[in-house]
Amino acid sequence: MSRRRRAEKRPIQKDPRFNSELVTKLINRVMQGGKKSTAQTIVYGALDKFVKKVNQEDALVAFEQALENAMPSLEVKSKRIGGATYQVPVEISPERRMSMGMKWIITSARSKSGRSMQDGLSMELADCFQNQGSTIKKKDDTHRMAEANKAFASLK
């Protein structure tokens, strides 16, 4: 990691179907081994199934809502002071919030055994849309941990 300057953010091309950078980021996160067309098939199929499950007409709006429900706003970071290590709650930047939410959704979708990735992803997005499921539990656990260590917030 360079100490001289912060790396530049490269512009992301919007996906062909929804013309959205968010969907492109999801496709790139789902992609394994450079197989982008396979990842696109998985994500587009999952979004189609997801929209049918939640009875919405606009897939992009429903996806954004599900992602918003999955994104944490606080996390804890370890801070060493003297000989003790404290878990200090800190607010998360918007980019990291989105990244963590997507990562949790995809990890939960992959962990659903006996299902295809397309089915798992659509189920997890539907769960996030309805504020339930393993991704929302992970977000709540993160918030609960930050809340429990609120006393150390002044140590930033």
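How many helices and strands does the secondary structure of the protein chain come to? It comes to six helices and two strands, where helices (H or I, at least four residues) and strands (E, at least two) are DSSP runs numbered from the N terminus.

This is a predicted model, in which local features need pLDDT of at least 70 and side-chain atom pairs count only at pLDDT 80 or more, while totals for chains, interfaces and linings use all residues. Residues are numbered from 1 along each chain as its sequence is written, and side-chain values use heavy atoms, with hydrogens and water left out.

**The whole chain**

Colour the chain by secondary structure and follow the pattern α-α-α-β-β-α-α-α along the sequence. The C-alpha trace spans about 55 × 40 × 30 Å along its principal axes. Of the 156 residues, 38% are buried; buried means under 20% relative accessible area, exposed over 50%, and partly exposed in between (1.4 Å probe, protein chains only).

**Helix H2**

Next, select helix H2 (36–54). At 1.5 Å a residue, its 19 residues should span 27 Å, and the end C-alpha atoms are 27 Å apart, so the two values agree; the expected span is 1.5 Å times one less than the number of residues. Among the buried residues of H2 are Ala39, Val43, Leu47 and Phe50. Their cover includes H1, H3 and H5.

**The nonpolar core**

Now display Val23, Val30, Phe50 and Phe63, the residues with the most contacts inside the largest nonpolar core, which has 34 residues. Such a core is a set of buried Ala, Val, Leu, Ile, Met, Phe, Trp, Tyr and Cys residues joined through side-chain atoms within 4.5 Å. Helices H1 (21–30), H2, H3 (59–70), H4 (94–111) and H5 (117–129) each supply at least two residues, and H2 gives the most, with nine.

Centre the view on Val23. Which residues does Val23 touch, not counting residues up to four places away in sequence? They are Asp15, Phe18, Val43, Tyr44, Leu47, Leu60 and Phe63, where contact means heavy atoms within 4.5 Å.

**Two loop asparagines**

Move to Asn55, in the loop between H2 and H3. Asn55 has a positive phi of about 55 degrees although it is not a glycine. Its relative accessible area is 65%, so Asn55 is exposed.

Finally, select Asn131, in the loop between H5 and helix H6 (134–148). Asn131 has a positive phi of about 55 degrees and is not a glycine. At 48% relative accessibility, Asn131 counts as partly exposed.
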